[in-house]
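My entries follow the structure.

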Amino acid sequence: MLTKICPRCGKRLKLSAQCECYAKRYRDDKKDSDFDRFYQSKDWKAAKAAAKSRFHGVDVYMWHKTGILVPGHTTHHIEPIKDCWEKRLIYVSESSHQEIHKLLLNPKTRNFVISECHKAVADYLAVFGMRQP
C-alpha cells in the first residue's frame with residue numbers, strides 16, 4: 001500500500017487520504033467569510049501559482065536560514081492578511097510555515113520574522129538573477 005506523510009503533523013496516511021489535522025484547520029479557517037471568498041478567488045489561485053513559479057517551488061525561508069534547498073508546499077503572506085491585504089508572498093514548506101506563524105504570534109518576534117521573510121525573498125531573487133516586482 002502506498003502511503004504519504006502529512007506535512008502538517010507527520011502522520012502516515014494512505015496516498016489518497018486527507019489528514020484529520022488539515023480538515024480541522026480548514027473548518028476553523030472557514031469561519032470568516034471575507035477570507036473564505038478571498039482564498040477561493042481566481043486572483044488568489046493565480047497569485048499562488050505565480051509565487052510557486054517565481055520561487056521555483058523552493059522553500060525560500062529555509063533556504064535563507066540554512067542555505068539548503070527544500071521543496072515548498074505553501075504560499076504564505078509575509079504580513080498577515082488581517083493586517084495587510086497586499087499580496088506580498090513567500091513560498092515555504094509546511095514546517096517553515098508553522099515556524100513563521102509561531103513567531104508571528106509572539107509580539108517580541110513578530111517584526112523580526114516579517115523582516116526575515118522580506119530579506120529571504122530579496123536574497124533569493126538576487127541570487128537567482130530575478131528582479132523584485
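I started with Ser96, which counts as buried because its relative accessibility is 1%; buried means under 20% relative accessible area, exposed over 50%, and partly exposed in between (1.4 Å probe, protein chains only). The model is predicted: local features need pLDDT of at least 70, side-chain atom pairs count only at pLDDT 80 or more, and totals for chains, interfaces and linings use all residues. Residues are numbered from 1 along each chain as its sequence is written, and side-chain values use heavy atoms, with hydrogens and water left out.

I placed Ser96 in helix H5. Helices (H or I, at least four residues) and strands (E, at least two) are DSSP runs, numbered from the N terminus. What does the side chain of Ser96 make a polar contact with? I found the side chain of Asp59, at 2.6 Å. A polar contact is a pair of N or O atoms within 3.5 Å; within protein, one must be able to donate a hydrogen and the other to accept it, and residues adjacent in sequence count only if both atoms are side-chain atoms. Not counting residues up to four places away in sequence, Ser96 touches Asp59, Tyr61 and Met62; contact means heavy atoms within 4.5 Å.

Next, the cores. I noted 18 residues in the largest nonpolar core, a set of buried Ala, Val, Leu, Ile, Met, Phe, Trp, Tyr and Cys residues joined through side-chain atoms within 4.5 Å. Those with the most contacts inside it include Tyr61, Ile100 and Cys117. H4, strand E4 (89–92), helix H5 (94–105) and helix H6 (110–127) each supply at least two residues of this core. H6 gives the most, with 7 residues.

Leaving aside neighbours within four places in sequence, Ile100 is in contact with Tyr61, His76, Val92, Val113 and Cys117. A second, separate core has 7 residues, among them Phe35 and Ile81.

Then I went to the surface. Leu69 lies in the loop between helix H4 (60–66) and strand E3 (74–77). Is Leu69 buried or exposed? Leu69 is exposed, because its relative accessible area is 51%. With Val127 and Phe128, Leu69 forms a nonpolar surface patch of about 290 Å² accessible area together.

Last, the whole chain. I counted 6 helices and 4 strands. Of the 133 residues, 32% count as buried.

Terms used. Patch = residues over 30% accessible without salt bridge, like charges linked within 9 Å, V, L, I, M, F, W, Y side chains within 5 Å. Areas by Shrake-Rupley, 256 points an atom, 1.4 Å probe, with all protein chains shown as cover. Salt bridge = Lys/Arg side-chain N within 4 Å of Asp/Glu carboxyl O.
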